[in-house]
Amino acid sequence: MMASVETAAEHERILREIESTDTNCIGPTLRSVYDGHEHGLFMDKLDARIRNHDREIEKMCNHHFQGFVDSITELLKVRGEAQKLKSQVIDTNRHLQDDGKDLIGSMEELQQCRVQQRNIASTIDKLTHCLPVLEMYSRLQEQMRAKRYYPALRTLEQLERTCLPKAGQYRFCSIMSENIPKLRTQIRDTAMTQLRDFLESIRKHSDKIGETAIKQAQLQRSLDNSVSAQPRPLIGRRSRKEARIGGRRSAASGQDPGMEDEEEDEVPGAPDLVDFSPVYRCLHIYTVLGLRDVFENYYRKQRRKQARLVLQPHSNMHETLEGYRRYFNQIVGFFVVEDHVLHTTQGLVNRAYVEELWELALSKIIAALRTHSSYCDNPDLVLDLKNLIVLFADTLQGYGFPVSQLFDMLLEMREQYGEILLKRWNITFRQVLDQDNYSPIPVSTEQEYRHYTSQFPLQDPELEKLPFPKKLPFSEFVPKVYCQLKEFIYACLKYSEDLHLSSTEVDDMIRKSTNLLLTRTLSHCLQYAIKKKNVGLAELVQVIINTTHLEQSCHYLEEFISNITNVPPHTVNATKLYGTSTFKDARHSAEAEIYTSLNAKIDQFLQLADYDWLVSAQGDNAEASDYLIDLIAFLRSTFSVFTNLPGKVAQTACMSACKHISTSLMQLLLDPEVRQISMGALHQLYIDIKECEGFARAGPVAGFQGDTLLLAFSDLRQLLDLFLQWDWSTYLADYGKPTCKYLRVNPHTALALLEKLIKPMRESNRKNNMFAQFRKTDRDRQKLMDTVIKQLRNLIAQHHA
């Protein structure tokens with residue numbers, strides 16, 4: 001039962017497949033029927049299915065039969081109407097054939113008329129071909145008389161190529177053909193003459209053309225700067241490329257870019273100053289004549305010659321700015337003309353030719369400027385020249401010429417400008433230092449005080465609290481030098497403007513130049529002021545005070561440079577000012593000069609010393625030498641001036657003076673010319689040393705601890721104590737020990753002085769030899785001296801070994 005159901009389902013599937021599958025693909029389906037074992041059963045089902053379809057077809061035919069009958073009936077009616085239409089067409093055709101016979105006759109007549117008309121037109125054409133030739137020849141003669149050579153050449157070409165070939169072989173045509181080459185030659189020669197006149201004209205007008213172009217660039221830069229400084233909602237600063245394009249267009253049109261609507265500000269351009277029509281006319285004429293290459297070569301050759309003349313500077317160009325201006329105007333004028341020709345002609349000059357000329361010009365311009373600018377020693381002229389070169393470069397850059405080498409040369413000139421500035425400021429600083437009175441500035445009113453503090457950044461709260469009148473600690477040269485430093489920085493900044501440098505580069509250049517001014521120029525001027533003749537101690541003291549304040553103002557200079565360059569002072573690669581070291585060195589030189597000058601003054605007093613080295617012993621009422629009393633009085637008054645000095649300087653000066661006095665007195669004592677010395681002379685020197693020690697104990701300069709200043713006289717003091725107390729046993733026994741009473745007495749010094757002291761005794765003994773046996777005391781003293789001398793020599797020998 002289950003198998004029969006599956007077979008029925010399979011047969012049903014095959015029947016559906018037969019009904020829905022294309023007959024070309026029914027083979028596999030039928031094969032599956034024969035592969036089974038129910039072939040008969042399938043055939044019964046197939047027959048049943050066919051019968052069902054037949055019944056459906058029959059039903060459908062019965063349903064549509066009436067419509068088919070109605071269609072046949074309508075078709076029979078149409079056939080009758082078609083027969084009638086055919087008869088009408090035949091009748092119409094017959095009538096048309098009859099009427100067409102008259103039309104054909106009319107067409108033949110029309111054809112005959114057309115032939116006659118064509119013959120008439122041909123005749124008229126032949127007759128009128130000669131009239132244009134004559135009219136054109138007449139026009140040619142008029143153009144030649146009016147010197148309109150390019151239209152005449154065009155007319156000539158049209159006459160030769162168009163009109164004469166159409167006119168035919170007539171005698172007047174042959175005559176015209178013979179004259180055409182002569183007319184061409186005449187036109188060519190005339191055009192060349194006009195070109196030569198043009199070249200001469202632009203050579204004369206180059207200066208004016210260049211001046212005009214530079215004015216345009218200057219106006220454009222002023223306009224850009226004003227727009228940049230005061231931006232408006234509807235106006236934006238143009239890019240540099242736009243400015244170049246605008247500049248070139250303005251040069252070609254004679255209008256200033258951005259100023260077209262302001263007639264009063266318009267500047268004429270090259271076409272307004274020079275008529276370029278001879279160039280265009282000659283170019284067109286030579287092009288038409290097929291001689292364009294000849295014309296181009298001639299034009300370029302002549303312009304190269306003119307370029308060499310323009311680029312040759314006058315021998316006295318460096319003397320005035322006007323000489324440089326004329327030189328630049330001629331060069332700009334030359335290249336403005338070439339740029340105009342480049343952009344208004346097709347190929348007369350090309351970019352490569354213009355660039356070649358510019359490279360030649362650039363090398364010669366830079367060489368000339370280097371040579372002539374080297375003669376200049378006026379910084380104002382160098383600055384004006386730099387501004388003129390920048391304007392010259394900007395003008396040509398606006399026409400598309402590369403000018404980077406000019407700006408590189410300006411950076412080279414920056415070094416020369418800096419050297420010239422240093423020379424000028426050297427003179428200025430020397431004048432300031434020479435005119436200074438080297439005394440504190442008195443101020444009696446608040447206005448005067450503010451005047452000086454506005455020139456120099458003085459920060460002293462205690463001084464501000466003092467009532468008027470009062471004195472500033474420094475002299476006039478401090479604010480003047482500080483103001484001159486700022487003026488120098490401004491001068492350096494002026495040169496750096498418009499060189500297309502970054503703020504960092506400008507800052508670095510200014511700082512390096514200022515360092516040169518400080519370390520070279522100002523330092524040398526300060527050394528000159530310190531070391532020149534007739535500089536007193538008071539002046540040197542004031543120099544130290546002045547340089548101290550200038551040193552303290554260095555960071556204000558740093559801030560000043562940072563403010564004008566907009567570069568923070570603590571930038572990583574920023575160059576630091578060397579002002580602190582400069583003023584320190586000057587101060588140290590002044591201090592050394594004070595020590596030297598003080599010692600020289602002491603030497604003057606010491607030259608007045610007149611010791612009697614053989615004087616006999618004096619009483620207890622002996623006084624110090626007059627020269628020494630005067631010297632100490634001088635030192636007291638001098639050190640009273642040192643109160644404004646830094647403590648160490650005053651202390652060093654005082655110690656140096658005391659040491660110098662002690663050393664000088666020691667040298668007097670040991671002078672080889674002083675061969676004999678008495679105990680009386682040593683006693684006088686002892687009194688002088690006591691006077692010096694009294695001066696030292698009085699503390700002429702504050703800051704010394706204890707008896708530090710007395711150490712300056714300890715060498716001489718111990719030496720005199722040794723001789724006056726005749727304490728040789730102690731000296732010889734304790735020599736070399738740290739606790740020795742005479743630690744600072746050198747054996748050499750003691751021996752030399754002892755030998756001077758023993759000489760008068762020996763001479764006295766020789767003179768009084770006959771009484772020698774009665775002076776046992778003198779003999780014992782002499783033996784003691786000999787023993788001491790012997791021991792001193794042994795001591796020296798041991799020390800030397």
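Predicted model: local features only at pLDDT ≥ 70, side-chain atom pairs only at ≥ 80, totals over all residues.
Colleague: Why is the pair of F723 and W726 called edge-to-face?

Modeller: The ring centres are 6.4 Å apart, and rings pair if their centres lie within 6.5 Å. The planes stand at 75 degrees; an angle over 60 counts as edge-to-face, and therefore the pair of F723 and W726 takes that name.

Colleague: Why does W726 count as buried?

Modeller: The relative accessible area of W726 is 19%, and buried means under 20%, so W726 is buried. F723 has 1% and is buried as well. F723 and W726 belong to one aromatic cluster, together with W728, Y731, Y735 and Y742.

Colleague: Why is H500 called partly exposed?

Modeller: Its relative accessibility is 48%. Buried ends under 20% and exposed begins over 50%, so H500 falls in between and is partly exposed. H500 lies in the loop between α17 and α18, and its phi is positive, near 55 degrees, although H500 is a residue other than glycine.

Colleague: What makes Y438 count as buried?

Modeller: Y438 has a relative accessibility of 12%; the limit is under 20%, so Y438 is buried. Y438 is in the loop between α14 and β1 and has a positive phi of about 55 degrees without being a glycine.

Colleague: How do you know that V354 is buried, and where is V354 found?

Modeller: V354 is found in helix α12, residues 351-373. With 1% relative accessibility against a limit of under 20%, V354 counts as buried. Beyond its neighbours within four places in sequence, V354 is in contact with F335, L342, V349 and F401.

Colleague: How do you know that the span of α20 is close to the expected one?

Modeller: Helix α20, residues 554-565, has twelve residues and reaches 17 Å from its first C-alpha to its last, against 16 Å expected at 1.5 Å a residue. Among its buried residues are L557, F560 and I561. Just after α20, N566 takes a positive phi of about 60 degrees.

Colleague: What is the extent of the largest nonpolar core, and which residues have the most contacts inside it?

Modeller: The core has 206 residues, and those with the most contacts inside it are W358, I365, L635, F639 and W728. Helix α6, residues 171-229, gives the most to this core, with 15 residues. L635 touches L598, I602, A657, I661 and F695, leaving out residues up to four places away in sequence. In soluble globular proteins, nonpolar side chains tend to be buried together.

Notes. Residues numbered from 1 in each chain as written. Heavy atoms only, no water. Core = buried A, V, L, I, M, F, W, Y, C linked by side-chain atoms within 4.5 Å. Buried < 20%, exposed > 50% of the residue type's maximum accessible area, 1.4 Å probe, protein only. Helix = DSSP H or I, 4+ residues; strand = E, 2+ residues; numbered from the N terminus. Contact = heavy atoms within 4.5 Å. Phe/Tyr/Trp six-rings, centres within 6.5 Å; stacked < 30°, edge-to-face > 60°. Expected span 1.5 Å × (residues − 1).
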